[in-house]
Amino acid sequence: MFKTPCTRLSGLVGASVSQKLLGNASINYQTARSLIHLYRKDPSNWITYQQLHFLKRQYVTKGSSELHQRAVPKQTPAIPVLDERDDSVVQRVQHVQAIYPPHPADIMPQPDDVTSEEVVLPVISNALPSAERTLLKKGSERETSNETPHLHVETDEAREARLDRQWKELKVDVSELPGVYARLAKSRLTALVVVTAAAGFAMAPVPFDPGMFALACLGTGLASCSANSINQYFEVPFDSNMNRTKNRPLVRGQISPLHAVSFALACGVPGVALLTLAVNPLTGFLGALNIFLYTCCYTPLKRLSIVNTWVGAVVGAIPPVMGWTAATGSLDPAALLMGAFLYSWQFPHFNALSWNLREDYSRGGYRMMSVTHPDMCRRVALRHSVALVGLSCLGPAAGLTTWTFPLVSLPINLYISYLALRFYHRADRGSARKLFFCSLWHLPMLLLLALTCKKPAKEQSGADLPSANPVPS
Amino acid sequence: MVVVCPIYRPEQIGPWCRSSVIRVRGRGCRLGWHVAIGHQAKDCVRSSAFQPAPDSTHDWIGPPNRLSNIRPITYHVPAQESALEERLRRLRQQTEVWNHEFWAYQNVAFNKLLLDLFSVLLLALFTGRKHTLGSEEMALFYKSFLDTNRTRHANYNKEWYRRNFRITLLMGRVALTNAWKTVTNRTPSSSPS
């Protein structure tokens, strides 16, 4: 289950002080104060923020565009064996519920409260100053019945040896390169970008050309790989400080920055050239523009201003427009409407996601709406969810879909708007998560429904033709 | 509840910041502030005294530092290191230290403020005034942290982009020079004498 750092921290503090505190309220109050006071003293011994993330987390993997995230529940064993552990001492204690002010009636220790979930609790033991160590020792001596056999203290030598083992030679392993490139180019994200471009191509009211379709998808995919690689190249120190991104290839040193840039050029130049020469110049221009917007506008802006979300939404909106122009060679209002669908969809998706990553974003110095303007974050998500309903109604008017589309898409649009409204009012992690997960299936459903309601090509010109069979896509 | 997020100057962080100062002034570095970091072994980028095998011809990368999450790199110094290669190596080493200082300070300051906030709320909890940690307090805290550090972050970003480009360009130059050397060294042996 996804556990928030806040509840985890309260659990952490609860775990560390509850045993003592439940025993004797007044003495333990002093203990709590002195413990907190001691923790303030020496910053180098503080529990770092990375160590606070010790509970099972959902992996957040890249979704359909840079801004999309798909959370996959992580199947962790009960006792996690970490491949590359953080430089921290790992303890295992049983998770205790959040602490409440003790009532005089029940100051007895309550072992029944502990849950069966094992929690890895990192605490620096040998690094503590002697005063803190004696304090902990005193605490453990008091619990004669509830001694903590789970405490595992690592000696300095063992720690050194463990850290020494984690040094890796910076040699490019050719057998690992495909995997490295896949992670560098964010392959799943690229795949979903290509899917949105393909949807744009398929919605175009022209006879389907498989060759052009393949070229457009390939070109878009290469451009997306290039943009993602440059993005990772720019963000190495920031990625190393966020849990979601700390295992990226450049952070781990699997390839050098020069290698990453070369890969990006090797993808980007042929990709844009393919789009420009083999498809049409307009698509090539849009591809190059998208790379530029993503790498040179969105990536730096992430750390400067909340405007980055709007720029990122444009970046996500361009691929379907590219697909459309690849098919037709021109920018129609219908193409812009498809882009508008993606644009509006980005906001509930990304704002809900970033709501649950506020701590990491804040510590990493990222300026996101969820961190600096939380009210605006929820308001914008709601606004754009409702806008999806309006945009669906524009489908027939722009010549994108038939009149059935606003009707069949109304249920899912209303549902995501309802979830956005709940998120707006409640502003908590549960509603944010629900909205995020809804957005993940909402977009494919919307594209699929648009495809089924696609306006037949012959009817689009308005001429009355005998064979009114819609062109199969 | 108003959360005030003070800017901690390095000397305010506590007795941990000893008098030995690393002044990072690379070429064109305009950080504008000095970070005082004590020379405790566990606080340097390298947390262990690992030495690669002497016959190794590659660089080695270590585990992330516990404070800054920056991974230290031990560079292999070839016997015939050119001036360009030495410049590249020194720039990368200096950038690693600079990165480590920035992120160590950032993470420690953030955690200190977070723990301050939690200790205040914990005491309020025990006196019965509060029972939960609201998301509003956390949002205020995150926002104030970003706002107080805005200039610092912007300066760091600019400097990081500059260093990153310079390192990559130097790497490119070194790679091209080495490739050219390999080609020209091979040509005299292939030509018939």
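Predicted model: local features only at pLDDT ≥ 70, side-chain atom pairs only at ≥ 80, totals over all residues.
Along the chain, B:P54 and B:H76 are 22 residues apart, while the distance between their C-alpha atoms is 9.3 Å.

Turning to chain A, the unreviewed UniProt entry assigns the feature "transmembrane region" to residues 189-206, 282-301, 308-327, 403-423 and 435-452. Residues 282-301 of chain A are 100% helix and 0% strand, with 26 Å between the C-alpha atoms at the two ends. For residues 308-327 of chain A the content is likewise 100% helix and 0% strand, and here the end C-alpha atoms lie 30 Å apart.

Chain A also carries a nonpolar surface patch of about 490 Å², which is formed by A:Y415, A:Y418, A:W441, A:M445 and A:L448. Two helices of chain A, α18 (404-426) and α19 (429-452), each contribute at least two residues to the nonpolar patch, and the greatest contribution is that of α19(A), with 3 residues. One of the patch residues, A:L448, is located in helix α19 of chain A. With a relative accessible area of 52%, A:L448 is classed as exposed, because the class begins over 50%; membership of a patch, by contrast, asks for over 30% relative accessible area and no salt bridge.

Notes. Residues numbered from 1 in each chain as written. Chains lettered and ligands numbered in written order. Heavy atoms only, no water. UniProt positions renumbered as here; feature names shortened; annotations may be inferred. Helix = DSSP H or I, 4+ residues; strand = E, 2+ residues; numbered from the N terminus. Patch = residues over 30% accessible without salt bridge, like charges linked within 9 Å, V, L, I, M, F, W, Y side chains within 5 Å. Areas by Shrake-Rupley, 256 points an atom, 1.4 Å probe, with all protein chains shown as cover. Salt bridge = Lys/Arg side-chain N within 4 Å of Asp/Glu carboxyl O. Buried < 20%, exposed > 50% of the residue type's maximum accessible area, 1.4 Å probe, protein only.
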